[in-house]
Protein chains: 4
Amino acid sequence: MDNLLSHKNSGDPIIVKVKDIDIGREKKVVISGPCAVEDYDTMILLAKKLKSCGVNILRGGAFKPRTSPYDFQGLEEKGLEILKAVREEVNIPISTEIMDPRDIEKSLEYIDVIQVGSRNMYNYSLLKEIGRLKTPVILKRGISATIKEWLCAAEYILSGGNENVIFCERGIRTFEPYTRNTLDLNAVAFIKNNYRLPIIVDPSHGTGVRELVYPMSLASIAAGADGLIIESHLNPDKSISDAKQTISVDTLCDIINKIK
Amino acid sequence: MDNLLSHKNSGDPIIVKVKDIDIGREKKVVISGPCAVEDYDTMILLAKKLKSCGVNILRGGAFKPRTSPYDFQGLEEKGLEILKAVREEVNIPISTEIMDPRDIEKSLEYIDVIQVGSRNMYNYSLLKEIGRLKTPVILKRGISATIKEWLCAAEYILSGGNENVIFCERGIRTFEPYTRNTLDLNAVAFIKNNYRLPIIVDPSHGTGVRELVYPMSLASIAAGADGLIIESHLNPDKSISDAKQTISVDTLCDIINKIK
Amino acid sequence: MDNLLSHKNSGDPIIVKVKDIDIGREKKVVISGPCAVEDYDTMILLAKKLKSCGVNILRGGAFKPRTSPYDFQGLEEKGLEILKAVREEVNIPISTEIMDPRDIEKSLEYIDVIQVGSRNMYNYSLLKEIGRLKTPVILKRGISATIKEWLCAAEYILSGGNENVIFCERGIRTFEPYTRNTLDLNAVAFIKNNYRLPIIVDPSHGTGVRELVYPMSLASIAAGADGLIIESHLNPDKSISDAKQTISVDTLCDIINKIK
Amino acid sequence: MDNLLSHKNSGDPIIVKVKDIDIGREKKVVISGPCAVEDYDTMILLAKKLKSCGVNILRGGAFKPRTSPYDFQGLEEKGLEILKAVREEVNIPISTEIMDPRDIEKSLEYIDVIQVGSRNMYNYSLLKEIGRLKTPVILKRGISATIKEWLCAAEYILSGGNENVIFCERGIRTFEPYTRNTLDLNAVAFIKNNYRLPIIVDPSHGTGVRELVYPMSLASIAAGADGLIIESHLNPDKSISDAKQTISVDTLCDIINKIK
């Protein structure tokens, strides 16, 4: 594994630039927003609060990969339009998940960072297509991907010519039922020590439990993470999806104050 | 889960027809072939032997999802051409994996059964596209997909209008290092008892160990499986990929004789 | 691992004798009874029915290792007394679990086969003590023990001088919530192929679901198991513990007829 | 689970006292020493260095539960004698693992804290015996124990009358092969939030990789742990067991300086 493009042997640490934000330097980066884009009014209000609190990038799902086809699948193009409008009004970079290689091109005018979700970490057609771009990409770990498989997924993008890859640890599937996933901070420390790409942590999916987001955010930073991606909402209990793991803006501000 | 289209409550058992073969009836179905299509001469020779031995459908990978982008990725279109030529000469239906929604249309003239591999079970864009066809599809279980997630993946296809879905249990990821995966025959018995789609088992990936393919083939049938999909090769040790779990034609014939 | 006493390299297959029953030969062995010994009247009635149906050894828990200290812990010595009385009246060998090295000596007059439960597979003090006896022992696999750890647990007994070890696969802990455990029949085929001790399967704990006990019993035998250990009850729904996975005597008779 | 003696509903937070050290207050506690007691000279030298560095309790294994019976099993009573001598000369409390209920009584004169190892978390005979004492006990989580099972194991001790229980998260078994275990800091934050017993973390077993001990120590404290238990050695590479995860005294001092 020490001959991979992502390994420290292959070159200097990579700093991923999203507009004027550097990911991978000492200063920690915070990405936040709702699980799914719901409507313009809510989004703009949330975005302003998050920005004033120190959030660097706004996230929000337009295309939602849901376990069941009968669940809400996201606002799709309409969601992208909302994100674009918010970006312009609030002046904050936007990150959203893309699931289909055929959606990439049209998404590029709306967003600044592509997310590859956990379910698509092994979707090599999607990764190869993203490898042809220069757009930064957050590559989430597959729910039971080994570290090796995750590194190799990054190589699909790097070997295509796109170096702007940010790893995102978001919890792995284990036998434990109390938490939605088991956040694997060992993997964060391991990658940070040996590889040259930045890595952030998603304590929302990584725990699935609202009250654990705060302590696990601090633990992630202590383990060496370059930043956090956290689901937040003006009214967490009313979130269309992932309500149980979504925190309020106030709690998010507390986390940012603590880590910065 | 008892309101799903795939549940027994929703209708009669579904028999999937591939040419004149019925999958889901008392007679067991055997699908076999090499992990990857290598060349025409080898493929035609193998196909003839397999057919004479009672194999119902020929499998062979043209597009290979590999953990590393630096490994052999399959012969792609050239592989499909070889499969088509073999189909015509030997008169045997063909099954192959499709990974990219953009490859589906061009593949349809070459193959009789689409495989969705384990890595793409959560690739909902791909599943939705396949849901628009009538072509039979083998839906492999994700490497750590729960039964519920697997059933819901099938719903993505069924709800689009394509009822020709065959489940394929291929082993799940556990802590055990001796075997590549842990074959979950509990899941086979559970689905067979409660759902109306046929289910087959892949003891090659499900064990990853050549000597275990024979006993686990028998165990799969005893647990209620409607058939088997097994990697075979004229010279297993020379197989380009998956050599350790690939069996000889002779062993395959023994399995077929035993189960039929 | 091929230098272990349990490996085929170290000698002929071991046949474990329990009175006039041989475990490890072609004829399959069936052990059955309730999860916990409840009272004499129920036990004697059940024992007679099981024996007439072909069950070889009667099982019943006197000491029950329960997750919570506040749950029923078994009838202890009183349970052993009941088992002894049933053994004399029905003339059937008895198997029960021992958890504490200090209970071994007093148990020997009551029982014919010692069970080491899944929770105590790593209890090396207990294993060493059993290694000093000649009494047959059923060594259940730890809930997340690797095959290697399980083999090594057997070595603790074998190296002490007691060769009468019977492996028992009873399901491993995975992420799947539908079944209590995932029955690992790969492990059964692997051990049967490479090691010289008999191995039986517990499809009751291995599935945790009553309707799966029948098909998984057949699958276990097809995978190469030398026998089965199954929880049964005169009135399964009234079983004090493990009711969901306990089958009726009728279903048990069906299984015995099918495998013999 | 909110009716357990260990739950916050049942009373005030419990502070476990080991001589003049309080475990469970704001000040973090550090326990360190070699995996196994090797000889007096090494132990005394190490103990002095550790104490001067701020280590609160000395650990060292006298009875070693090893996967294979053919591996070194510890110095047993001789190891206890060495620990006692070191305790007297260096004036530092001693913690060691006890595996057999029959060893408890004789151990009490040698040690200040009993460890229940991961393999014996389900050894209820041992737990009940320890419940009759007042001696503090470190209860390690079983390698694949759910949080519920772990809490219930503590109840076996608490319900016997011994309130001096310290939880120890030491990593759980997952599919990931790079690290020996996956350190589950979610569990630490969850228990700290909802239960009244102190909890410490073992980043040595929790990672199995020397270079990860430092970052994961910091992450453990950030997640809310009350202390750390870390394997250290004068010459880590020469450690009789667990060499790969054992750190030098210098690294340990760095960790202590950082967290205090």
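What follows is a friendly conversation about strands, salt bridges and chain contacts in this structure.

User: What kind of model is this, and how are its parts labelled?

Analyst: This is a predicted model in which local features need pLDDT of at least 70 and side-chain atom pairs count only at pLDDT 80 or more, while totals for chains, interfaces and linings use all residues. Residues are numbered from 1 along each chain as its sequence is written, chains are lettered from A and ligands numbered from 1 in the order in which they are written, and side-chain values use heavy atoms, with hydrogens and water left out.

User: Why is β6(D) said to pair with β5 and β7 of chain D?

Analyst: Two strands pair if DSSP finds at least two bridges between them. β5(D), residues 94-97, and β6(D) have three bridges and run in the parallel sense. β6(D) and β7(D), residues 137-140, also pair in the parallel sense over three bridges.

User: Why is the unit made by β6(D), α4(D) and β7(D) given a handedness, and which one?

Analyst: The name right-handed applies if, with the strands pointing away from the viewer, the path from the first strand over the helix to the second runs clockwise. β6(D), helix α4(D) (residues 124-131) and β7(D) make a right-handed β-α-β unit.

User: What makes D:Glu231 and D:Arg59 a salt bridge?

Analyst: A salt bridge is a side-chain nitrogen of Lys or Arg within 4 Å of a carboxyl oxygen of Asp or Glu. In this pair the N to O distance is 3.8 Å, so it qualifies. D:Glu231 lies in β10(D) (residues 227-233) and D:Arg59 in β4(D) (residues 57-59), so the bridge ties together parts that are 172 residues apart in sequence. D:Glu231 and D:Arg59 are both buried.

User: Where do the partners D:Arg141 and D:Glu169 lie?

Analyst: D:Arg141 and D:Glu169 form a salt bridge, with the closest N and O atoms 3.0 Å apart. D:Arg141 is in the loop between β7 and α5 of chain D and D:Glu169 in β8(D) (residues 165-169), so parts 28 residues apart in sequence are tied together. Both residues are buried.

User: Why are C:Glu163 and C:Arg196 put in the classes they have?

Analyst: C:Glu163 has a relative accessible area of 38%, so it is partly exposed. C:Arg196 is at 9%, so it counts as buried. The side chains of C:Glu163 and C:Arg196 meet in a salt bridge (3.4 Å, N to O).

User: How do you know that chain D touches chain A?

Analyst: Contact means heavy atoms within 4.5 Å, and 36 residues of chain D are in contact with 36 residues of chain A. Buried area is the accessible area (1.4 Å probe) that two parts lose on being put together, summed over both. For chain D and chain A this is about 2700 Å², with 65% from carbon and sulfur atoms. On the chain D side, D:Phe175, D:Tyr178 and D:Asn186 lose the most area to chain A, together 26% of what that side buries. Two salt bridges are found across this interface. D:Glu176 and A:Arg141 meet in a salt bridge at 3.0 Å, N to O.

User: What does the contact between chain C and chain D hold?

Analyst: The contact takes 31 residues from chain C and 31 residues from chain D. The area buried between them is about 2700 Å², of which carbon and sulfur atoms give 50%. Four salt bridges cross this interface. D:Arg102 and C:Glu129 meet in a salt bridge at 2.9 Å, N to O.

Definitions and conventions: Helix = DSSP H or I, 4+ residues; strand = E, 2+ residues; numbered from the N terminus. Buried < 20%, exposed > 50% of the residue type's maximum accessible area, 1.4 Å probe, protein only.
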